[in-house]
Amino acid sequence: MDIITKADVIAEGNIKVVLPWDGCVGELWFDRESHGEPVFGLAGKNRDGRDFSFTSDWYYITSRDVYGDRTIRRAPKGAEVGDLV
């Protein structure tokens with residue numbers, strides 16, 4: 001599974017990724033620019049199976065509570081949101 005970068009998300013728009021906290025598939029996308037900075041969205045399913053979706057800057061998504069400085073990996077081809085990979 002490829003490592004995803006900020007540039008990949010901006011170029012591709014929407015990428016299925018492996019969520020680090022449970023190994024399930026979620027989606028990461030380029031949402032818009034705000035005050036000259038890109039804003040990204042992340043969506044998937046929580047541990048209890050409920051859908052979640054939020055937007056934030058790249059730093060929050062990659063370095064704080066979400067990915068905790070772990071690499072963001074592309075989900076395998078054909079995987080759907082919520083699949084365990």
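User: How many salt bridges does the structure hold?
Analyst: This is a predicted model, in which local features need pLDDT of at least 70, side-chain atom pairs count only at pLDDT 80 or more, and totals for chains, interfaces and linings use all residues. Residues are numbered from 1 along each chain as its sequence is written, and side-chain values use heavy atoms, with hydrogens and water left out. A salt bridge is a side-chain nitrogen of Lys or Arg within 4 Å of a carboxyl oxygen of Asp or Glu. The number of salt bridges in the structure is five.

User: Which residue is linked with Asp2 and Glu12 in a network of salt bridges?
Analyst: The side chain of Asp2 meets one partner at 3.8 Å, N to O. The side chain of Glu12 meets its partner at 3.0 Å, N to O. The residue linked with Asp2 and Glu12 in the network is Arg74.

User: How many residues apart in sequence are the parts that Glu12 and Arg74 tie together?
Analyst: Helices (H or I, at least four residues) and strands (E, at least two) are DSSP runs, numbered from the N terminus. Glu12 lies in helix H1 and Arg74 in strand S5, so the pair ties together parts whose separation in sequence is 62 residues.

User: Is Asp51 buried or exposed?
Analyst: Asp51 forms a salt bridge with Lys45, with the closest N and O atoms 2.8 Å apart. Buried means under 20% relative accessible area, exposed over 50%, and partly exposed in between (1.4 Å probe, protein chains only). Lys45 has 30% and is partly exposed. With a relative accessible area of 61%, Asp51 is exposed.
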